[in-house]
Amino acid sequence: MNYPLFLARRLSLSSGGKKKAPAVSVAIAAVAIAVAVMLVSIAIVLGFKKEIRDKVVGFNSHISVYVSPTTPDEDNIVTLTPTLKQKLSELPFIKDYSVQAALPAILKTPSDFKGVYLKGLNDNATADFIRSNTVEGEIVDFNLDKNKGKIAISQNAARQLGLKVGDKIDVYFISDDLRVRRMKIVAIFNSHFDQYDNLFVYGPMSLVQKMGNIGTDQGTSLQIFTDDFDKVDSYTHLLQQHLNEATAGGELFRLYRTDNVLQQGAGYFNWLSLLDMNVVVVLVLMMVVGCITLVSGMLIIIIEKKSFIGIMKALGAPTSKVRKVFVYLALRIALVGMIIGNLVALAFIFIQGKTHFLPLDAESYYIDFVPVSISWTSILLLNLGVIVVTYLVLILPSRFVAGFSPAETMRND
């Protein structure tokens with residue numbers, strides 16, 4: 001029978017009364033706060049990564065494919081030929097692909113103008129992303145004939161040009177010659193990514209292709225979505241190799257260049273990597289605070305339970321067994337604190353995820369609320385790590401038990 005564990009479960013944590021000793025309450029509170037802070041920190045970083053990643057992907061896609069002209073006279077238009085479709089279908093990690101076309105344009109009002117790129121909105125993923133960031137109006141199906149003269153602009157562009165939903169504006173397209181179309185604004189979006197918001201306007205893909213004098217299966221790039229974002233770099237290398245082999249084998253007659261979202265949004269992802277270091281610092285500090293408080297509480301409990309130690313030694317219990325009693329007792333305190341900390345953290349994460357009651361400065365953080373995301377794997381690993389570290393830390397102060405003499409403790413009592 002493991003009697004140290006049995007005694008640790010039965011031993012009272014009170015200090016001469018029915019209430020828990022102050023040291024025990026402080027230790028429980030410290031562990032609860034430390035665990036809650038660590039879990040919330042991880043949830044916030046994961047939330048930031050998810051939000052930033054989704055926004056960068058929404059404006060780009062996982063992988064982009066471009067034509068690399070080999071002569072000055074060769075164009076850079078990507079044509080989605082049957083052979084190219086077949087080559088893309090041969091790669092199992094490619095989930096979806098479509099041509100993307102963007103054309104330089106000028107938004108002109110009677111008093112002002114703004115240079116942008118008009119991108120054709122022809123895939124569900126991009127449409128859903130712009131729709132999720134729409135603040136006024138509604139994203140319509142630009143493929144329908146009745147919506148051929150409609151566009152969606154950013155809130156920054158609307159503010160600069162003094163426009164609102166329902167207004168009409170002259171759009172000058174810059175290609176081989178200058179063409180103008182009068183377009184109606186049906187939606188205004190705001191992603192808080194000024195780098196993209198100031199650059200892109202979305203409209204019918206057919207209009208962009210017509211103004212750019214390209215066919216229905218042609219565009220300025222090919223956007224590809226894969227089955228695993230975390231493998232984008234390796235997928236990009238595999239796709240480039242696959243296209244190069246097809247070109248060398250005479251199956252494709254153009255040279256293609258690949259790029260991915262990690263390279264296109266490198267500035268944002270480098271910023272996110274700095275958050276990882278901040279989380280490591282928070283985890284270490286909270287672990288140190290929790291362990292110090294727990295060790296202090298354990299030493300106080302040992303002193304208060306000196307008569308118990310004397311009785312156990314007088315009955316022949318080895319010092320190692322008595323030490324285990326107090327290690328298990330401290331772990332019992334830690335587990336109570338961990339449960340409280342987990343409940344508090346999960347409650348905060350759930351409420352923040354639903355209500356976004358904690359705001360952020362979007363100009364500094366690209367998001368106007370504190371994002372959170374739950375990773376059950378991270379929660380499990382963190383709790384296991386806390387238990388292991390706590391156990392290892394408690395072994396050393398438990399040696400304090402060896403300094404108690406059974407004769408002295410029983411004589412003092």
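## Buried, exposed and in between

A residue is called buried when its relative accessible area is under 20%, exposed when that area is over 50%, and partly exposed in between, using a 1.4 Å probe and protein chains only. Glu90, with 36%, is partly exposed, while Lys87, with 7%, is buried.

Before we go on, please note that this is a predicted model, in which local features need pLDDT of at least 70, side-chain atom pairs count only at pLDDT 80 or more, and totals for chains, interfaces and linings use all residues. Residues are numbered from 1 along each chain as its sequence is written, and side-chain values use heavy atoms, with hydrogens and water left out.

## The whole protein

Let's start with the overall picture. The protein has 413 residues, and 46% of them are buried. Its 15 helices and 13 strands are DSSP runs numbered from the N terminus (helices: H or I, at least four residues; strands: E, at least two).

A contact means heavy atoms within 4.5 Å. Of the contacts with a separation of 6 or more, 77% are between residues 24 or more positions apart. The protein exposes about 20,800 Å², and carbon and sulfur atoms supply 59% of this area; accessible areas come from the Shrake-Rupley method with a 1.4 Å probe, and for residues only the protein chains shown count as cover.

## Salt bridges

Here a salt bridge is a side-chain nitrogen of Lys or Arg within 4 Å of a carboxyl oxygen of Asp or Glu. By this rule there are 9 salt bridges. One of them joins Asp276 and Lys49, with 2.9 Å from N to O. Asp276 belongs to helix α10 and Lys49 to helix α2, so this pair ties together parts that are 227 residues apart in sequence. Asp276 is partly exposed at 30%, and Lys49 is partly exposed at 30%.

Lys87 and Glu90, whose accessibility opened this report, also meet in a salt bridge, at 3.5 Å from N to O. Another pair is Asp170 and Arg182, at 2.8 Å. Asp170 lies in strand β8 (residues 168-174) and Arg182 in strand β9 (residues 178-189), so the pair ties together parts 12 residues apart in sequence. Asp170 is partly exposed at 23%, whereas Arg182 is exposed at 52%.

## Two buried residues

Ser61 sits in the loop between α2 (22-59) and β1 (63-67). With 0% relative accessibility, Ser61 is buried. A polar atom of its side chain lies 3.1 Å from the backbone oxygen of Ile63. Leaving out residues up to four places away in sequence, Ser61 touches Val56, Gln223, Ile224, Phe225, Val261 and Gln264.

Now look at Asp197 in helix α6 (residues 194-197). Asp197 is buried but has no salt bridge, and the nearest side chain of opposite charge, Lys55, is 7.6 Å away. For this comparison, Lys and Arg count as positive and Asp and Glu as negative, while His and the chain ends are not counted. Beyond residues up to four places away in sequence, Asp197 touches several residues, including Phe59, Ser154 and His192.

## A nonpolar surface patch

Met277, Val280, Val281, Val284, Leu285, Val288 and Ile292 make a nonpolar surface patch of about 620 Å². Patches consist of residues with over 30% relative accessible area and no salt bridge; like charges are joined within 9 Å, and nonpolar side chains (Val, Leu, Ile, Met, Phe, Trp, Tyr) within 5 Å. Val288, for example, lies in helix α10 (residues 266-304) and is partly exposed at 41%.

Technical notes: Polar contact = N/O pair within 3.5 Å; in protein donor to acceptor, adjacent residues only side chain to side chain.
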